[in-house]
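Welcome! Take a look at the protein below, and then we will walk through some of its features together.

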Amino acid sequence: MEFLWEGLLSITWQQAVMYVVGALLIYLAIEKDYEPSLLLPMGFGAILVNIPGSGALNQFMEGAGETHGIVQWLFETGIEASEAFPLLLFIGIGAMIDFGPLLSNPKMFLFGAAAQFGIFFTIVFAAILGFDIKDAASIGIIGAADGPTSILVSQVLKSNYIGPIAVAAYSYMALVPIIQPAVIKVVTTKKERSIHMAYKPGQVTRFTRIVFPIIVTFVAGLVAPASVSLVGFLMFGNLIRECGCLNSLSETAQNTLANLITLLLGITIAFSMRAEDFVAPQTIMIMALGLFAFVFDTVGGVLFAKILNIFSKTKMNPMIGAAGISAFPMSARVIEKMGVSEDPTNHLLMHAIGANVSGQVASAVAGGIILGFFM
């Protein structure tokens, strides 16, 4: 009891705040089903690393002295030294993605590009607010709603705020069904949201599906060489899926690999959620700037679709543009649900899926462009 009492007395108010943050993330994961595979490990990890003298950070071993604990070792090995965890996760994500709806309607590529607008706008805004340019660049990428890319960019740029950036990125990914409908309704009219779009799928050959990831990797590498690791691993996972001769490896990448890396990534990123680094005014600013980036990515996609409608005879539903973010497939499902709520016969899912998978590629390229500019 004496040791327990001493331990309780050694808890700082900042650590107490992190216990609340951890409990909140666990609550959102379990009760609200918001990205549970990530928010639950992150929440538990936030508690784990903020226990006074936590052995998860460092331990004293007889004959070896003080050594790194498991969470610190995983962070230094899997994220800090090699960025392996985020990149390996991209293989699993690539294996999950069917680019068929995008390949059958290639103009959806435009929405993936347009929906990255908020990233670069936020970088400028964050720099004006006084953040170091590399920190500002790391904060801006939150707008892509792509957790692994946010972690990778912030780590490569040696940002001082990896923990808050990761929490913001995954939190806003989880909150897509809440944030996007509100934003879309502000910048569209009921008439625009009711626009029907007939889906006429084009024929996508097996050859096209196989060649596509190879060409994307090559082109992205020429345009933004720093994006090769991001785009390349994503496309490698997709090539495993589409080649037709590695079905067992594709299933392993989609399930075993993706689940294992997600689990490790979630609890490992908690190393950067230590109270002394996390509980600071900058964390609140980063959460606000991340929301700003996410909102303006959504707005950018919608406004781009509205601009195209000015010059097009065949009108498209501007909500499709909002699906150009990387939160796949949540954003596409949100657009489908909103379309049906305006008109039960208005199904936009396949169009939205095309824009959504385009956002996966565009966010990785955007991350590479940022690395190319600020490394």
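In which helix do Phe 117 and Phe 121 both lie, and how many residues apart are they? Both lie in helix H8, which covers residues 117-128, and they are four residues apart, about one turn of the helix. Please keep in mind that this is a predicted model.

**Aromatic rings**

- Searching the whole structure turns up eleven aromatic pairs.
- Phe 117 and Phe 121 count as a stacked pair because their ring centres are 5.7 Å apart and their planes meet at 20°, where planes under 30 degrees apart count as stacked.
- A pair of aromatic rings is described by two things, the distance of the centres and the angle of the planes.

**H8 against H18**

- Two packed helices are described by the angle between their axes and the distance between the axes.
- For H8 and helix H18 (residues 281-311), the axes come within 7 Å and cross at roughly 145°.
- This crossing of H8 and H18 is right-handed.
- Phe 117 and Phe 121 turn up again here: together with Gly 118, Ile 119, Thr 122, Phe 125 and Ala 126, they are the H8 residues that meet H18.
- On the H18 side, the partners are Leu 289, Phe 292, Ala 293, Phe 296, Asp 297 and Gly 300.
- By class, the contact of H8 with H18 has nine nonpolar residues, three polar and one charged.

**H3 against H11**

- Helix H3 (residues 36-48) packs with helix H11 (residues 162-174) at an angle of about 145°, and their axes are 10 Å apart.
- H3 passes H11 in a left-handed crossing.
- H3 brings Leu 38, Leu 39 and Met 42 to the contact, while H11 brings Ala 166, Val 167, Tyr 170 and Ala 174.
- The residues of this contact of H3 with H11 are seven nonpolar, with no polar and no charged ones.

**Tyr 19 and its neighbours**

- Tyr 19 is part of helix H2, which spans residues 13-30.
- Although Tyr 19 and Ala 46 are 27 residues apart along the chain, their C-alpha atoms are separated by 6.9 Å.
- Leaving out residues up to four places away in sequence, Tyr 19 touches Ile 11, Ile 47, Asn 50, Ile 51 and Pro 52.

**The largest pocket**

- The largest pocket holds about 660 Å³ of space.
- Its lining is made of 26 residues, and those nearest the centre are Glu 35, Ser 37, Met 96, Met 173 and Phe 328.
- The lining of the largest pocket divides into 17 nonpolar, five polar and four charged residues.

**The second largest pocket**

- The second largest pocket has a volume of about 280 Å³.
- Among the 15 residues lining the second largest pocket, Phe 109, Ala 113, Val 361, Ala 362 and Val 365 are the closest to its centre.
- Helix H7 (109-114), helix H14 (206-223) and helix H21 (349-374) each give at least two residues to this lining, and H21 provides the largest share, six residues.
- Twelve residues of the lining of the second largest pocket are nonpolar, three are polar and none is charged.

Key:
Residues are numbered from 1 along each chain as its sequence is written. This is a predicted model: local features need pLDDT of at least 70, side-chain atom pairs count only at pLDDT 80 or more; totals for chains, interfaces and linings use all residues. Side-chain values use heavy atoms; hydrogens and water are left out. Axes are lines fitted to C-alpha atoms, for helices over the stretch in contact, and angles run from 0 to 180 degrees between N-to-C directions. A crossing is left-handed if the near helix is turned anticlockwise from the far one by less than a right angle, and right-handed if clockwise. Contact means heavy atoms within 4.5 Å. Ala, Val, Leu, Ile, Met, Phe, Trp, Tyr, Cys and Pro count as nonpolar, Asp, Glu, Lys and Arg as charged, and the others, Gly among them, as polar. On a 1 Å grid over the protein atoms alone, a cavity is a set of points where a 1.4 Å probe fits but cannot get out, and a pocket is an open set with protein on both sides within 12 Å along at least five of seven lines; lining residues have an atom within 4 Å of a point. Grid points are joined across faces, edges and corners, and a volume is the space filled by probe spheres set on the points. Rings of Phe, Tyr and Trp (its six-membered ring) pair if their centres lie within 6.5 Å; planes under 30 degrees apart count as stacked, over 60 as edge-to-face and the rest as tilted.
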